[in-house]
Amino acid sequence: MFIGHFAPAFIAAAVSPERPRLATMFVAGQLVDWGFFSFALVGLEHMRVDPAASVMVPFDLYDMPYTHSLAGTAIWAAAFFGIVAIWQRSWRIGLLASAVVLSHWLCDLIVHVPDLTLDGTPPKLGLGLWNMPWVAIPLELALTFGAFAFYLRRTRGPAGPPLVLAGVMLLFQLANWFAPHPESAGPFLYLQALFAFAVLTVLAAWVGENRWFRKRGGLASRGM
């Protein structure tokens, strides 16, 4: 799952009365993947290319104890709660952000083949929808763009920024599904993933700066 992790981010950004920045929730949605690819760069976690790993994703994610165990994800969520709560001066925004971080593991559990853990040790978990593309592809698109539509309904502003964001998200996802995959894992692959996350976060910040939250009676307040 790639852009599907941003579905909880759109929802969280749309429901908070304090109006958290959409970019903050985009970081939360992919925080553990930011961690994984950064750790892979320095050799703390590991993956390899294996065309037999699953039908859709030829990556064997065989060593991810610090980011993709449930315990590891909970630690990332707790740390992000503290950062966001202090930065935004709101424990409610911090809780929303930490819930988005935790959603990453639950979303991965649905699509991954068994490579997730509870605490970094066996058993390995995953329901394996990556082996059923006719289910996984429409599910990810429905989750992502359903949440995107919910965010748009809760806000108002120029149509351009969110349409650009949606278009780039779709383009990146199609590349993730259908572009040729590398023959081996390495720094270029890891940096490519981090670059994609950064581009989407910058676009999310642009969207947030140009949206206002709807209020009853036709009034609206500025949303970030």
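Visitor: What makes Glu-209 and Arg-21 a salt bridge?

Guide: Happy to start there, with the reminder that this is a predicted model. The closest N and O atoms of Glu-209 and Arg-21 are 2.7 Å apart. A salt bridge asks for a side-chain nitrogen of Lys or Arg within 4 Å of a carboxyl oxygen of Asp or Glu, so the pair qualifies. Glu-209 belongs to helix H8, while Arg-21 sits in the loop between helix H1 (7–15) and helix H2 (22–29), and the two are 188 residues apart.

Visitor: Why are Glu-209 and Arg-21 called partly exposed?

Guide: The label covers values between the buried limit, under 20%, and the exposed limit, over 50%. Glu-209 has a relative accessibility of 32%, and Arg-21 has a relative accessible area of 32%, so both are partly exposed.

Visitor: How many salt bridges does the rule give?

Guide: The count comes to 2. Besides the Glu-209 pair, Arg-48 forms a salt bridge with Asp-60, with the closest N and O atoms 2.8 Å apart. Arg-48 is in strand E1 (residues 46–49) and Asp-60 in strand E2, so this pair ties together parts that are 12 residues apart in sequence.

Visitor: Are Arg-48 and Asp-60 buried or exposed, or something in between?

Guide: Asp-60 has 19% relative accessibility, and buried means under 20%, so Asp-60 counts as buried. Arg-48, at 42%, counts as partly exposed.

Visitor: How do you know that Asp-115 has no salt bridge?

Guide: The nearest side chain of opposite charge, Lys-124, is 7.5 Å away. Setting aside neighbours within four places in sequence, Asp-115 is in contact with Leu-61, Met-64, Lys-124, Leu-125 and Trp-130.

Visitor: What makes the peptide bond from Pro-122 to Pro-123 worth a look?

Guide: That bond is cis, with omega near 10 degrees. Most peptide bonds are trans. Pro-123 is in the loop between H5 and H6.

Visitor: Why is H1 called mostly covered?

Guide: Of its 9 residues, 7 are buried. Those residues are Ala-7, Pro-8, Ala-9, Phe-10, Ala-12, Ala-13 and Ala-14.

Visitor: Which residues is Ala-147 in contact with, leaving aside its neighbours within four places in sequence?

Guide: They are Ala-7, Phe-10, Ile-11 and Ala-142. Ala-147 is in helix H6 (residues 133–154), and its C-alpha atom is separated by 8.4 Å from that of Ala-9, 138 residues apart along the chain. Its relative accessible area of 5% is under 20%, so Ala-147 is buried.

Visitor: Why is Leu-22 called buried?

Guide: Leu-22 has a relative accessibility of 1%, and the limit is under 20%, so the label holds. Leu-22 is in helix H2. The C-alpha atoms of Leu-22 and Ala-205 are separated by 6.1 Å, although the residues are 183 residues apart along the chain.

Visitor: Finally, what is the volume of the largest pocket, and which residues lie nearest its centre?

Guide: The volume is about 750 Å³. Its lining has 34 residues, and Phe-2, Phe-37, Phe-59, Asn-176 and Ala-193 lie nearest the centre. The elements that give two or more residues to this lining are helix H3 (31–42), strand E2 (59–63), helix H5 (91–111), helix H7 (160–178) and helix H8 (187–209). H8 gives the most, with 6 residues.

Visitor: How does the lining of the largest pocket divide by residue type?

Guide: The lining of the largest pocket has 23 nonpolar, 8 polar and 3 charged residues.

Notes:
Residues numbered from 1 in each chain as written. Predicted model: local features only at pLDDT ≥ 70, side-chain atom pairs only at ≥ 80, totals over all residues. Heavy atoms only, no water. 1 Å grid on protein atoms, 1.4 Å probe; cavity = no way out; pocket = protein on both sides within 12 Å on 5 of 7 lines; lining within 4 Å. Points joined across faces, edges and corners; volume = space filled by probe spheres on them. Helix = DSSP H or I, 4+ residues; strand = E, 2+ residues; numbered from the N terminus. Nonpolar A, V, L, I, M, F, W, Y, C, P; charged D, E, K, R; others polar. Buried < 20%, exposed > 50% of the residue type's maximum accessible area, 1.4 Å probe, protein only. Contact = heavy atoms within 4.5 Å. Lys, Arg positive; Asp, Glu negative; His and termini not counted.
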